[in-house]
There are 2 protein chains.
Amino acid sequence: MKNLHIQIDINSALYSKNPNSSELGRKIINKSIELIYEIGFEAFTFKKLGALIQSPESSIYRYFDNKHTLLLYLTSWYWTWVEYQMVFVTTNVVSAHERLKKSIEILTKPVVEDNEISYVNEVLLSEIIFSESIKGYHTKSVDEENKKGCFKAYKRVVRRVSEIVSEIDEDFKYPHMLISTVIEGAHHQKYFTEHLPALTDVSNEEDSITQFYTKLVFNFLPREKT
Amino acid sequence: MKNLHIQIDINSALYSKNPNSSELGRKIINKSIELIYEIGFEAFTFKKLGALIQSPESSIYRYFDNKHTLLLYLTSWYWTWVEYQMVFVTTNVVSAHERLKKSIEILTKPVVEDNEISYVNEVLLSEIIFSESIKGYHTKSVDEENKKGCFKAYKRVVRRVSEIVSEIDEDFKYPHMLISTVIEGAHHQKYFTEHLPALTDVSNEEDSITQFYTKLVFNFLPREKT
DNA sequence: CATTAACGATAGTAATACTATTATAATTGC
DNA sequence: GCAATTATAATAGTATTACTATCGTTAATG
C-alpha cells in the first residue's frame, strides 16, 4: 500500500516553481518539515532553512513566496496523501458503515509509519499538520486564497467522508459539520494530551481519541441493517 | 444580569503592569480589541496600537511583554467572563440536563450584546477568540506558560461543564474531551461558515451550530428521568 | 556549441520587535 | 504644600525578519 509511488499533485497557486521538479525543491520540502517540526512555525524562517540546506534564502524564494505559502503547500500535500490512503482503504468495501469507520480511523489515528521512499516524512508532517496547519487558514488572506483553490485538498477529504455519512442517512443535516468537527477535534485532542491535559481525558488506552470520535459519529447515525 | 460590575481577575503572569489599574491600561485593552478585530493578530503591532491610542509603543511594553502575552490576557479575560455567565445562568437550576443545555448554549451561541459598561467590547472580543485564540496556545512556549497558569480560566470553564456531564453519567469516560470538542468545534464552525463554507453546513437557521453541538453532547448521555 | 534556465553569492531595504535613556507630568506620602 | 515617587511621552537605537535585486557561474537542453 505504501509503495505505490503515487504522484501528489498540488495546486500551482501554492508555489512559484514546483518543488517536486528539482533536487533543491525536494530538499526544501524535506528539510522544512524537519525544521518546522523542531522549532515551530513562528520561529521558522527561510534564512534558517537556507542555512540547513546550505543554500541562500533567495533560492528558496524562487520556490515559495513566503513561509505561509509553504505551510499551505505542506498542508495540501498532507490532505492529498490522506485522501489516497482513504480511497485505498475504502475501495471495494460494500458496507458504508465500514467505510465510514475506516475513514474515521485514518482521520484520527496517529501516523506512525514513514514510507521512506518519497522525500516527505509523513510522520513528522502529520505532527506539523496537527499543531500548525490551523495557522494556514486563520489569516486575513483566507478568502482570497480560498478562491485560488488553496484549500481544495482538505475540502475534498471532508466532502468524501461526508458523502459516506449521507449515504447512511440522507436526511442528516450536518454531515460536513460532523466530519470537520472530527478532524479538527482529533488534532486538538492530540495536542491537548501532550500540552494541556486538563482539556482532555488522557488514558492508558492508545486509541481513546479514535474510539471517542467513532462513537461521536455513529451516535448520530442509524445502525447498520443486518 | 449584565450590569453586575463584576471584577475580572487575571493571572498576574499575563501582564507586567495590570492594565486594569490605569486609564492608559484600559485604553490599551479597549483599543487592542478593536485593532486586532480589524486587521488580525498577525498584522497587529504595538506600534500601530500606539498610533491609535496616541501613546508610544514603549508605554505599551510597560503593560505587556509582547503581543502574544496580550492575546493570552484577552483570552483569559474572555473565559473568566464566560464563566461568570455560566455560573449565573445555571445557579439554582436543579436539573443537570438543563444546566448542561444552558452551558452549551453559552459556549456555542454568538455573543451579541455588549454591556457597554466595562471598557471591554465583548462582542468584538468573542470574535477575536473564535478566530485568533488558538494562536495563543499553539506555540512552542505553551508548556512553560501552562505551568505559570496562563490557561487556567479556559481550563476552569471546561472543568465546570465536564462536571455537569459527569453528574449525569459518572461512568462516561471522556467528559473533558467532549466539552473541549464542543468549544473548539463551535469556534471552527463559525469561522468556516464565514470563510470556508465547504467545511460546514451553512443553513438559514440561526442556531444550527448550537443545535448540532447540543445533540452531539446529549447523544452520549442517558435521557433525563422524569 | 549556443542558449537558456537554475543556482549561489552578495548586498540592500523596510518593517518588526523590541530596549534604553531622559525629560516631563501626575500622584502620593508626610 | 513640597518632596519623593511613579507614570508617561519623546526619542533613539539595535537585532532580526521578510523580503527584493543584481550578477556571475554552473548545469541542462536543443
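Reader: How much space lies in the second largest cavity?

Author: Rolling a probe the size of a water molecule over the atoms shows where empty space is left. A cavity is a set of points, on a 1 Å grid over the protein atoms alone, where a 1.4 Å probe fits but cannot get out. Grid points are joined across faces, edges and corners, and a volume is the space filled by probe spheres set on the points. Here, the second largest cavity holds about 80 Å³. This is a predicted model: local features need pLDDT of at least 70, side-chain atom pairs count only at pLDDT 80 or more, and totals for chains, interfaces and linings use all residues. Residues are numbered from 1 along each chain as its sequence is written, chains are lettered from A and ligands numbered from 1 in the order written, and side-chain values use heavy atoms, without hydrogens and water.

Reader: Which residues line the second largest cavity?

Author: Lining residues have an atom within 4 Å of a point. Among them here are B:L72, B:W79, B:Y137, B:F151 and B:K152. Helix α4(B) gives the largest share, four residues; helices are DSSP runs (H or I, at least four residues) numbered from the N terminus.

Reader: And how much space lies in the largest cavity?

Author: About 120 Å³. Its lining has 14 residues, with A:T75, A:W79, A:Y137, A:F151 and A:Y154 nearest the centre. Again four lining residues come from one helix, α4(A), the largest share.

Reader: How many cavities of 30 Å³ or more are there?

Author: Seven, from a search of the whole structure.

Conventions: On a 1 Å grid over the protein atoms alone, a cavity is a set of points where a 1.4 Å probe fits but cannot get out, and a pocket is an open set with protein on both sides within 12 Å along at least five of seven lines; lining residues have an atom within 4 Å of a point. Helices (H or I, at least four residues) and strands (E, at least two) are DSSP runs, numbered from the N terminus.
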